[in-house]
Amino acid sequence: MNMTIAWITARGLLGRRRSWLLLPMPVILIGITAIGLAFEAEAADLADGVLIGLGVAVILPLVSLIVGTGVLGSEIDDGTVVHILTKPIPRSRIILAKLVVAATVSAVTTAVPMFVAATMVGGVRLGLGFGLACVAGAIVYSALFLALSVVTRRPVLVGLLYVVIWEGLLSNVVTGTRTVSVQHYVIEFASALSGSALFPSTVSTAVAGVMTVVFTVLGAWLATQRLRVFSVAGETS
Amino acid sequence: MEHRKPRTKGSPVSDLHLRGVSRWYGNVVAVNDVTMTLGPGVTGLLGPNGAGKTTLLHMMAGFLAPSRGEVLIDGDATWRNPAIYRKLGLVNEREAVYGFLSGKEFVRASAKLHGLPDADAATRRAIELVEMADAQDRRMDTYSKGMRQRMRVAAALVHDPAVLLLDEPFNGMDPRQRMHMMELLHRLGAQGRTVLFSSHILEEVEQVSGTVQVIVAGRLAASGDYRTIRRLMTHRPHVFAIRSSDDRRLAVALMASDSVAGVTLGKDGLTVHAGDYGTFTRALPRIALDQGVRVRQLIPSDESLESVFSYLVSA
């Protein structure tokens with residue numbers, strides 16, 4: 001973990017206008033939960049529709065996408081990454097610093113409002129369950145989107161397609177793909193940690209735990225490998 | 001002009017070797033079998049736009065793998081070798097900086113990333129070297145292009161590297177900034193650093209460096225002392241396009257002149273091959289006057305840098 005890289009990354013990330021997109025998300029989540037409760041919606045409906053349907057399926061991946069591609073992809077885009085790469089630092093430590101910053105920012109941005117919203121729906125235990133599950137989700141998504149930043153020149157677009165098509169559509173329609181869907185791991189963690197019967201989990205805790213670690217390590221490893229052979233494009237004229 | 005004494009402090013003098021380096025993208029060859037050795041002092045990498053200068057610099061800096069051949073600094077490959085940056089500083093052409101940092105924070109971050117024992121002292125020294133102490137606390141997005149460039153040089157120099165590579169460092173600078181940068185490069189070279197900068201402008205190169213590597217269409221076209229290359233350039237045959245009131249009459253008279261190597265008469269006027277630039281341009285008005293021919297147009301038709309370079313390739 002390199003503190004200088006983490007410091008520059010955090011300042012760059014939070015100073016960028018795109019990061020302001022993060023702000024309304026927690027407000028929307030808590031606001032919609034409050035509206036639901038005001039209209040006396042069933043706890044099970046709120047858990048399924050708002051906490052999972054909006055929080056886990058939309059806000060968590062979207063925040064992680066904005067942050068995860070912002071910590072490295074933006075620097076590659078504007079060329080500032082060269083300042084970090086022209087240093088005698090192992091590429092794995094660069095990726096680690098980026099990953100820690102991305103995961104921390106995403107986790108805080110999603111876990112806090114999720115904790116608040118879930119507590120409103122079903123008490124503190126449900127709140128903790130969803131909050132911690134979102135921390136795990138933020139870590140694994142960050143690793144994946146970080147890797148995407150070095151694999152493709154259009155990480156936001158590819159990441160968005162992944163979130164919408166794979167996580168959003170396929171993993172809910174084709175049952176078999178659930179064992180490779182981050183969304184279902186997060187739901188399983190929330191279920192296991194809260195012990196709540198408000199919503200069904202779809203994968204086993206063991207699968208969710210192992211796959212979360214596997215995806216995180218795989219993402220970080222791939223990002224490091226790609227950064228090692230990072231090439232700057234030559235003259236265009 | 002060149003003072004090649006070893007530096008008194010910091011890392012020892014380093015050499016940069018390129019051995020049969022080529023780089024291609026698909027079917028396009030960007031750099032073709034370049035072999036060169038760069039030692040202490042300032043060297044200019046001269047060539048027209050698109051000649052492969054940036055590709056070559058990126059390979060030297062470890063940001064691009066050579067398709068064939070190798071780039072070595074003191075025997076170590078630059079590609080996939082982050083440790084090389086202890087000896088190497090790079091100022092690339094894209095002037096991207098972290099605009100949200102002050103100049104001092106930017107240079108200091110570089111010092112910290114290099115793991116220097118006394119980052120503050122190194123930062124101060126580097127900023128003094130580029131004479132930016134007055135503006136060091138301002139955010140970098142308020143800097144002019146020249147100021148940004150100097151801070152980037154400071155960041156690239158903070159660890160006292162033996163090799164400094166700069167890609168088009170004078171681009172977009174005003175004359176004062178340009179002069180300042182030239183002085184700085186001079187000083188760095190005189191300290192015993194191996195400094196290489198690229199440029200597509202001959203005048204920039206001749207003011208800064210004694211040694212020139214000329215690259216044309218991906219190949220090393222000429223290398224050595226700039227004065228020799230300059231002489232080659234001025235003594236090459238020149239081609240002029242001329243229109244006059246009586247082309248045929250002028251052509252006959254021109255052929256009689258020593259300064260003319262050949263004349264082609266076309267319907268759009270004359271194409272004259274002159275032996276050397278100065279003699280011909282002095283002789284032409286006199287010849288025209290003697291013949292009573294009015295010269296309407298005189299255009300040196302091969303004055304583009306590309307033609308100068310292609311002449312060098314064939315020389």
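This report looks at annotated spans and helix packing in a predicted model.

## Annotated spans in chain A

Let's start with what the record says. The unreviewed UniProt entry annotates "transmembrane region" over residues 20–39, 51–73, 94–116, 128–149, 156–177 and 197–223 of chain A.

Two of these spans can be compared with the model. Residues 51–73 of chain A are 91% helix and 0% strand, and their end C-alpha atoms are 29 Å apart. For residues 197–223 of chain A, the figures are 70% helix and 0% strand, with 38 Å between the end C-alpha atoms.

## Two packed helices in chain A

Two packed helices are described by the angle between their axes and the distance between the axes. How do α6(A) and α10(A) pack? Helix α6 (residues 91–122) and helix α10 (residues 205–228) of chain A meet at an angle of about 130°, and their axes are 9 Å apart. Because of that angle, α6(A) is oblique to α10(A). The crossing of the two helices is right-handed.

From α6(A), the contact uses Arg91(A), Ser92(A), Ile94(A), Ile95(A) and Leu99(A). Ala220(A), Ala223(A), Thr224(A), Leu227(A) and Arg228(A) take part from α10(A). Sorted by class, the contact has six nonpolar, two polar and two charged residues.

## A helix of chain B and its neighbours

Now let's turn to helix α2 of chain B, residues 103–113. Its buried residues are Gly103(B), Phe106(B), Val107(B), Ala109(B), Ser110(B), Ala111(B) and Leu113(B). What do the buried residues of α2(B) pack against? Their partners are α1 (3–15) and α5 (81–85) of chain A, along with α3 (119–129) and α4 (145–157) of chain B.

Just after α2(B) comes Gly115(B), with a positive phi of about 70°.

Technical notes. Residues numbered from 1 in each chain as written. Chains lettered and ligands numbered in written order. Predicted model: local features only at pLDDT ≥ 70, side-chain atom pairs only at ≥ 80, totals over all residues. Heavy atoms only, no water. UniProt positions renumbered as here; feature names shortened; annotations may be inferred. Helix = DSSP H or I, 4+ residues; strand = E, 2+ residues; numbered from the N terminus. Buried < 20%, exposed > 50% of the residue type's maximum accessible area, 1.4 Å probe, protein only. Contact = heavy atoms within 4.5 Å. Axes fitted to C-alpha atoms, helices over the stretch in contact; angles between N-to-C directions. Parallel < 35°, antiparallel > 145°, perpendicular 65-115°, else oblique. Left-handed = near helix turned anticlockwise from the far one by under 90°. Nonpolar A, V, L, I, M, F, W, Y, C, P; charged D, E, K, R; others polar.
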